[in-house]
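Here's a short tour of a protein model, written for someone new to reading structures. Take a look at the sequence and the 3D view, then follow along below.

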Amino acid sequence: MSTTSTPATSTFEIRRSDTPVPAAERAEAMAAPTFGTVFTDHMARVSWSLADGWHDRRVEKYGPLLLDPATAVLHYAQEIFEGLKAYRHADGSVWTFRPSANAARFARSAHRLALPELTEADFLGAITALVSTDVDWVPSGEETSLYLRPFMYGSERFLGVRPSLEAEFLVIASPVGPYFAHGVQPVSIWVAQDYHRVGAGGTGAAKCGGNYAASLLPQQEAYGHGCEQVCFLDAATNSVLEELGGMNVFLVHADGSVSTPELTGSILEGVTRSSVIRLLTDAGHEVSERRITLAELLGGLADGSVAEVFACGTAAVITPIGRLAGEGFDTTVADGAAGGVTMRVRAELTDIQYGRATDRHGWLHRLV
Ligand code: COI
């Protein structure tokens with residue numbers, strides 16, 4: 001049992017929308033939302049300038065941003081983001097999962113992108129204020145949640161190539177069901193061999209939009225091969241597994257051990273990734289973070305020593321991988337169905353998140 005203290009949270013001024021979505025329309029929009037298409041009435045916002053630091057902490061009406069065409073982010077992509085969820089528990093209370101880990105990663109991403117670092121108190125304050133204001137938008141159906149998207153961008157009107165002297169931090173919220181339209185079914189993965197996500201010394205460990213932009217063309221290539229996601233190899237040798245377009249990857253071996261690519265600086269340090277490592281270790285699995293080559297994975301699938309493969313991330317939770325294809329190979333993972341270890345750790349994680357199981361690591365943080 002770990003002990004936790006309640007982290008400090010900043011106070012936000014609430015400027016309520018005078019045109020909130022009517023209750024019946026909201027209920028309809030929340031009935032079966034496609035991931036990332038429906039947004040709540042408000043957004044949280046904090047502004048920054050070199051002269052004044054972080055200021056004007058507020059929750060305001062959700063709406064378009066007015067950007068000068070010369071705004072820095074539109075030209076040099078000085079932008080970072082996070083993803084976390086608010087879960088409604090059976091008693092109506094609303095919780096989020098390990099938000100301090102997201103706040104810490106956001107600060108690391110800000111540092112790498114030469115953006116101002118936001119304090120944990122501001123990060124948590126923004127989330128708390130937004131979810132409290134839009135609490136009616138937190139769904140209660142199975143596998144549903146309110147997806148929170150904190151982000152920050154360089155907002156100075158300036159075309160010179162140097163860090164922006166102004167920035168905006170916002171949090172928007174979107175009621176969501178499963179990330180994949182078909183729900184928790186095994187997905188197929190295309191291993192990109194002609195494109196890489198990042199290189200050594202690049203921005204791979206930062207959660208910045210540019211990394212995701214770089215993944216879109218290979219992602220399209222994956223669709224062209226009938227696959228739903230793309231898996232990247234390292235740029236130096238084109239042989240070592242890194243991560244999917246927006247998820248970390250795990251292998252479950254026939255002897256019960258589990259492995260996942262080590263954090264090399266070019267892989268995102270996923271909050272779900274570290275939670276899965278903890279839960280699997282608690283359950284007695286030997287979990288190693290190490291170098292895993294594509295050749296090892298394909299060999300293991302061929303001889304049966306790799307029994308399950310799964311992906312994980314905040315949005316997709318834990319998603320079984322049923323097929324792996326790339327130039328010169330196309331293979332199913334075991335019988336192509338979701339594996340037992342995968343589905344057990346998925347159930348364990350979601351039971352904690354939705355308040356159905358004891359939160360023995362102190363991972364939950366109450367919002368409302
Ligand atoms: C998340 O899992 O929250 C992500 O950021 C992945 C993706 C939706 C970009």
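L65, L67 and L74 together make a nonpolar surface patch of about 230 Å². Patch members have over 30% relative accessible area and no salt bridge, and nonpolar side chains (Val, Leu, Ile, Met, Phe, Trp, Tyr) are joined within 5 Å; areas come from the Shrake-Rupley method with a 1.4 Å probe, with only the protein chains shown counting as cover for residues. L74 belongs to helix 2, residues 73-76 (helices are DSSP runs of H or I with at least four residues, strands are E runs of at least two, numbered from the N terminus).

This is a predicted model, so local features need pLDDT of at least 70 and side-chain atom pairs need 80 or more, while totals for chains, interfaces and linings use all residues. Residues are numbered from 1 along each chain as its sequence is written, and side-chain values use heavy atoms, leaving out hydrogens and water.

## Around the ligand

Which residues surround the ligand? Among them are F81, Y147, K207, Y212 and T314, where a neighbour has a heavy atom within 4 Å.

A polar side-chain atom of Y147 is 2.6 Å away from one, a side-chain N or O of K207 is at 2.7 Å, and T314 uses a backbone N or O at 3.2 Å. The protein covers 88% of the 280 Å² of accessible area that the ligand has on its own.

## Charged pairs

Side chains of opposite charge can pair when their charged atoms come close. There are 21 salt bridges here (a Lys or Arg side-chain nitrogen within 4 Å of an Asp or Glu carboxyl oxygen). One joins D56 and R15, with the closest N and O atoms 2.9 Å apart. This pair links distant parts of the chain, 41 residues apart: D56 is in strand 3 (residues 53-61), and R15 is in the loop between strand 1 (13-14) and helix 1 (23-30).

Key. Patches are made of residues with over 30% relative accessible area and no salt bridge: like charges are joined within 9 Å, nonpolar side chains (Val, Leu, Ile, Met, Phe, Trp, Tyr) within 5 Å. A polar contact is a pair of N or O atoms within 3.5 Å; within protein, one must be able to donate a hydrogen and the other to accept it, and residues adjacent in sequence count only if both atoms are side-chain atoms.
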